[in-house]
Amino acid sequence: MSFVPGLGVLRHYDRSWLRGDVLAGVTVAAYMVPQSMAYAEVAGLPAVVGLWALVAPLLVYAVFGSSRQLSVGPESTSALMTALAISSLAGVASVHDASLATRAALGAILALTTGAVCLVAYVARLGFVAGLLSRPVLIGYLAGVAVLMIVSQLGKVTGLQISGERLWDELGSLLAQLDEVNLPTFLLATASVLALFIAKRFAPKLPGPLLVMLAAAALAHFAGLRAQGVRVVGEVPSGLPGVVIPDFTGVDWTKLLPAALGIAVVGFSDNALIGRAFAARRREQVDMNQELLALGLCNISAGLTQGFPVSSSGSRAALGDSMGSRTQLYSLVALGCLLATMFVLGPVLAAFPEATLAAVVIYAAIQLVDVPEFRRLARFRLAELVLSLATALAVVLFNVLIGIAIAVVLSLLDLVRRIANPEAAVLGYVPGLAGMHDITDFPQGEQVPGLVVFRYDSPLFFANAENFRRRALAAVDEAPGEIHWFLLNVEANTQLDLTAIDALEEVRRALEARGVVVALARVKQDTRDELARAGFLERLNGRAYPTLPTAVEAYVNWVTQTTGEYPAWAEHLPLPRNDSR
């Protein structure tokens, strides 16, 4: 069932999850419908296309997706990128300068091509790139997204037309219009947020968001709030899309492929970040290659049903999670509500105040900021906290795509920093403890006289070769007494490159000039092969041993041959055999 993980989860469904999934599905549907309609308009398409872009992808992801929390469908960034791509492909300055038929056809073509790009990435097994995002990055990403989610709702909670593409532009737009804020709208939004937190605190088992939205709709109707400027969702289009294969004739592929690639990167980044972040909260797993497959099939299904490119929505996933969603059954419930809305329940949704829908989003966003996790990062390592905060700041100050890129770069720099200056240890024997251990960890530990056993805790390559050379020689310089052998424990020094092997040779030459013999221990076959190809192994004269005990025994034998007598200090060493005298 790994090809269809969603079906696997549903086949082993726990009935205790049903209540949360149903409540999450109904609540997400109430928010999803107007949101997707708005994103369709952002993409330059009719509002109904936003609903069409939900129908097939919701079903497809429930079957093929590996995340239990993701909510697929139209999303703000991909909608904006779709608008820019349509205008470029149509050769017009603005997306609205193209005819409606052209926009609709190009939107579907973009979805199909984006899906194809994702499927190619799936076949190439490129899901591993999501592993470049560490847990601090995920925590910071969600916090940054939470801020963006809240800012995106400013217009709905104030009744203003907020403009601007960046956070500071939107805040500036708000400040410039503060004297025009619609007070009933603002009070309704504020009361809705407070009601949601009160419901969570005192009645956590009740469907708080749904009840608050119904209460707000009733209040808006009976108190005549619409007449006071409180906006409601309004008419919901009806009717299902047909299956249509777009005509690619005359499409400029030099423009189409880069646009589809960009949308695919953004969509997969959203899936990876949101999916992994929510899965980590519930100690679940998300298969990134499977996500590429699911995202590809979702976009192809959207393109064949007259939709436009889709990905996942952080706000809807957060809303579903806050309502207790446990599986993709909640997406199927949301799909059922969507179909019911398009045919029967449209008037009910049409009465929901936008201010209360915005309040629900703000309520879900606040819960994305995981303060205990930030405290945990601070207790563990300051660098982890800085990385998380930097990711959040990058997402907030720039946008999600640039923020993700900065987060990846920061993660890689942090990785290189740690690998370039890893832990290193001089090893010795500790009474009553098997094996050899870092003598700085055990004050009672003792080095073998005349022998430095050195361990460098990192793969050895160009980035840390000089650091290794310097610290290896320093270990000999700082050792007590006269040193005869330098024994390198290479168990962690995998994937050697030529720069690293050259550093090993420099250490060997420097120590040989001082009369110190260089040997290796715990040499794996792959490492042995690499050293042999570089010609380093033969310069060791056979002093490459499979284990530490056999290497120490070889040193004892060398001392015996050199001095003509077995050293007294070797009597009690835990060697493979002590009868080699």
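A pocket is an open set of grid points with protein on both sides within 12 Å along at least five of seven lines, and its lining residues have an atom within 4 Å of a point. The views below come from a predicted model.

**Figure 1. The largest pocket and its lining.** The largest pocket is lined by 50 residues. Those that lie nearest its centre are Y39, S76, T77, S152 and E170. The space in this pocket amounts to about 1,700 Å³. Helix α4, residues 76-90, supplies the largest share of the lining, namely seven residues.

**Figure 2. The largest cavity.** The largest cavity holds about 80 Å³ of space. Its lining consists of R135, L138, I139, L142, A277, A280, R281, L368, D370 and E373. Two or more lining residues are given by each of the elements α6 and α11 (253-281). Helix α6 contributes the most, with four residues.

**Figure 3. Surroundings of helix α15.** Helix α15 spans residues 354-366 and has 13 residues. From its first C-alpha to its last it reaches 18 Å, close to the 18 Å expected at 1.5 Å a residue. The helix is mostly covered, with twelve of its 13 residues buried. The buried residues are E354, A355, T356, L357, A358, A359, V360, V361, I362, Y363, A364 and A365. They pack against α2 (18-42), α6 (135-152), α7 (154-158), α9 (183-202), α10 (208-222) and α13 (314-322).

Figure 4. S36 is found in helix α2. Its relative accessible area is 0%, and because buried means under 20%, S36 is classed as buried. When residues up to four places away in sequence are not counted, S36 touches G50, L54, P74 and R316.

**Figure 5. Aromatic pairs of Y555.** The structure holds twelve aromatic pairs. In one of them, the rings of Y555 and W558 have centres 6.3 Å apart and planes at 15 degrees; planes under 30 degrees apart count as stacked, and this pair is therefore stacked. Both residues belong to helix α23 (residues 548-563), where being three residues apart separates them by about one helical turn. An α-helix has 3.6 residues a turn, so residues three or four places apart point the same way. Y555 is buried, with a relative accessible area of 0%, whereas W558 is partly exposed at 22%. Y555 also forms a stacked aromatic pair with W569, at 6.0 Å centre to centre and 20 degrees between the planes. Because Y555 lies in helix α23 and W569 in the segment after α23, this pair ties together parts that are 14 residues apart in sequence. W569 is partly exposed, with a relative accessible area of 30%.

**Figure 6. An aromatic cluster and a charge over a ring.** One aromatic cluster is formed by F454, Y456, F468 and F486. In a separate view, the charged end of R201 sits over the ring of F202, at 5.2 Å from the ring centre.

Methods: Residues numbered from 1 in each chain as written. Predicted model: local features only at pLDDT ≥ 70, side-chain atom pairs only at ≥ 80, totals over all residues. Heavy atoms only, no water. Phe/Tyr/Trp six-rings, centres within 6.5 Å; stacked < 30°, edge-to-face > 60°. Buried < 20%, exposed > 50% of the residue type's maximum accessible area, 1.4 Å probe, protein only. Lys NZ or Arg CZ within 6 Å of the ring centre and 35° of its normal. Expected span 1.5 Å × (residues − 1). Contact = heavy atoms within 4.5 Å. 1 Å grid on protein atoms, 1.4 Å probe; cavity = no way out; pocket = protein on both sides within 12 Å on 5 of 7 lines; lining within 4 Å. Points joined across faces, edges and corners; volume = space filled by probe spheres on them.
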